[in-house]
Amino acid sequence: MKFLLKESYLKAIENSVGSKLFRNLYFKSRDKKIDVLQNGNLSCAIFVSWILRNFYLIEDNHTMVSRLISDLKKSNWQKIKKPKLGAVLVWDTKIGKTGPHKHIGFYIGESKAISSSSTKKIPAKHHWTFGSKNGKPVRKVEEIWWHKKLE
């Protein structure tokens with residue numbers, strides 16, 4: 001038998017929708033327990049990195065988009081111009097309750113993406129640009145990443 005990486009990877013992304021698995025990650029600092037994901041408010045990087053690491057497509061799990069992007073580079077991911085099924089999307093920086101942050105998720109085809117929703121606090125399916133307003137994307141995709149192992 002042969003392991004089907006792309007098929008398994010895509011199904012893991014699809015099956016993550018609605019999962020509470022990526023809401024919490026605890027650290028201890030000065031004898032105080034801290035949920036660094038703030039109960040799902042900051043969970044996009046851990047969601048994407050857990051999926052990628054599970055399929056040996058990056059080296060480590062990450063709580064920050066910037067560190068995840070560095071790992072993509074180290075792990076031979078390449079920037080591409082048009083999204084492919086399973087590509088990693090990086091959206092522009094927005095100002096939220098906790099300050100400026102980028103957002104990251106997966107392209108799943110037919111102009112759809114799956115990323116961690118800060119309002120629902122779980123991975124959710126949505127338009128890959130979160131829709132449009134006045135003919136422009138609600139959220140601009142700044143980078144699209146692809147790994148040749150997914151061919």
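Guide: The second largest pocket is lined by 14 residues, and those nearest its centre are Leu42, Thr63, Met64, Val65 and His101. The model is predicted, so local features need a pLDDT of at least 70 and side-chain atom pairs count only at 80 or more, whereas totals for chains, interfaces and linings use all residues. Residues are numbered from 1 along each chain as its sequence is written, and side-chain values use heavy atoms, with hydrogens and water left out.

A pocket here is an open set of points, on a 1 Å grid over the protein atoms alone, where a 1.4 Å probe fits and protein lies on both sides within 12 Å along at least five of seven lines; a lining residue has an atom within 4 Å of a point. The volume of the second largest pocket is about 200 Å³, counted as the space filled by probe spheres set on the points, which are joined across faces, edges and corners.

Which elements each supply at least two residues of this lining? They are α2 (residues 44–54) and β5. Of these, β5 gives the most to the lining of the second largest pocket, with 4 residues. Helices (H or I, at least four residues) and strands (E, at least two) are DSSP runs numbered from the N terminus. By class, the lining of the second largest pocket has 8 nonpolar residues, 5 polar and 1 charged. Nonpolar covers Ala, Val, Leu, Ile, Met, Phe, Trp, Tyr, Cys and Pro; charged covers Asp, Glu, Lys and Arg; the others, Gly among them, are polar.

His101 also turns up in the largest pocket, where it lies nearest the centre along with Asn41, Ser117, Ser118 and Thr119. The largest pocket has about 440 Å³ of space and is lined by 24 residues. Strands β4 (88–96), β5 (99–109), β6 (112–116) and β7 (123–127) each supply at least two residues of that lining. The lining of the largest pocket divides into 5 nonpolar, 14 polar and 5 charged residues.

The structure holds 8 aromatic pairs, a pair being two rings of Phe, Tyr or Trp (its six-membered ring) with centres within 6.5 Å, stacked if the planes are under 30 degrees apart, edge-to-face if over 60 and tilted otherwise. Phe3 and Phe55 form a stacked pair, because their ring centres are 6.5 Å apart and their planes lie at 15°. This pair links distant parts of the chain, 52 residues apart: Phe3 is in the segment before α1, and Phe55 is in the loop between α2 and α3 (65–74). Phe3 is exposed at 54% relative accessible area, whereas Phe55 is buried at 10%; buried means under 20%, exposed over 50% and partly exposed in between, with a 1.4 Å probe and protein chains only.

Phe47 and Phe106 pair edge-to-face, because their ring centres are 5.6 Å apart and their planes are at 90°. Here Phe47 in helix α2 and Phe106 in strand β5 are 59 residues apart. Both Phe47 and Phe106 are buried.

The charged end of Lys33 sits over the ring of Tyr26, 4.9 Å from its centre; the rule asks for NZ of Lys or CZ of Arg within 6 Å of the ring centre and within 35 degrees of the ring normal.

Charges also meet each other. There are 6 salt bridges, where a side-chain nitrogen of Lys or Arg is within 4 Å of a carboxyl oxygen of Asp or Glu. In one of them, Lys11 bonds with Glu14, and the closest N and O atoms are 3.4 Å apart. Lys11 and Glu14 are 3 residues apart in helix α1 (residues 5–15), so about one helical turn separates them. Lys11 counts as partly exposed at 41% relative accessibility, and Glu14 is partly exposed at 45%.

Lys79 forms a salt bridge with Glu143 at 3.7 Å between the closest N and O atoms. This pair joins distant parts of the chain, with Lys79 in strand β3 (residues 78–79) and Glu143 in strand β10 (residues 141–146), 64 residues apart. Lys79 is exposed at 54% relative accessibility, but Glu143 is buried at 16%.

Arg139 forms a salt bridge with Asp92, whose closest N and O atoms are 3.2 Å apart. Arg139 is in the loop between β9 (136–137) and β10 and Asp92 is in strand β4, so the pair ties together parts that are 47 residues apart in sequence. Arg139 is buried at 11% relative accessibility, and Asp92 is buried at 15%.
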